[in-house]
Amino acid sequence: MTVEHALLKQARVSIRFGTLNNCLFDAANPAGAVCLENTVIPPDHSGPLQDRCRPDRCGNSMIGPQHVEIWDSEERSLTKLLQSRRLAPGHRAALEQQRSEARAVLRKAGR
């Protein structure tokens, strides 16, 4: 057992490792979890709602070096898509929102 693992276990901190971010959701104090805002939590559910994760806004979200490459690629892809002059206004607005979220995640990671 690593020192870090032992300290986390002692502190009773739960980390959910994910592809786009890591989550430090605290079931004892879920107040800051953006994924739980304005939603109905299913009966008998505990923990974060993964499909509502907002790594750009949630204080429980940790962006590690392994995540930055994915978010950087997303931002570049969206920027390239937005260069098209043939986008409908609604589609353009949705892509700009997604790019804004990707950029917020990158800023959170210090990029």
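1. A cavity here is a set of points, on a 1 Å grid over the protein atoms alone, where a 1.4 Å probe fits but cannot get out. The model is a predicted one: local features need pLDDT of at least 70 and side-chain atom pairs pLDDT 80 or more, whereas totals for chains, interfaces and linings use all residues. Residues are numbered from 1 along each chain as its sequence is written, and side-chain values use heavy atoms, with hydrogens and water left out.

2. The largest cavity holds about 90 Å³ of space, a volume being the space filled by probe spheres set on grid points joined across faces, edges and corners. Ala, Val, Leu, Ile, Met, Phe, Trp, Tyr, Cys and Pro count as nonpolar, Asp, Glu, Lys and Arg as charged, and the others, Gly among them, as polar.

3. With a relative accessible area of 8%, Pro48 is buried (under 20%; exposed is over 50% and partly exposed in between, with a 1.4 Å probe and protein chains only). Beyond its neighbours within four places in sequence, Pro48 is in contact (heavy atoms within 4.5 Å) with Arg16, Cys23, Phe25 and Cys35.

4. Asn60 lies in the loop between S2 and S3 and counts as buried at 17% relative accessibility.

5. The largest pocket, an open set with protein on both sides within 12 Å along at least five of seven lines, contains about 180 Å³ of space. H2 and H3 are the elements that give two or more residues to its lining, and the largest share, four residues, comes from H3. The lining divides into seven nonpolar, one polar and four charged residues.

6. What do the buried residues of H3 pack against? They pack against helix H2 (65-82); Leu95, Ala102 and Val105 are among these buried residues. Just after H3, Gly110 takes a positive phi of about 85°.

Notes. 1 Å grid on protein atoms, 1.4 Å probe; cavity = no way out; pocket = protein on both sides within 12 Å on 5 of 7 lines; lining within 4 Å.
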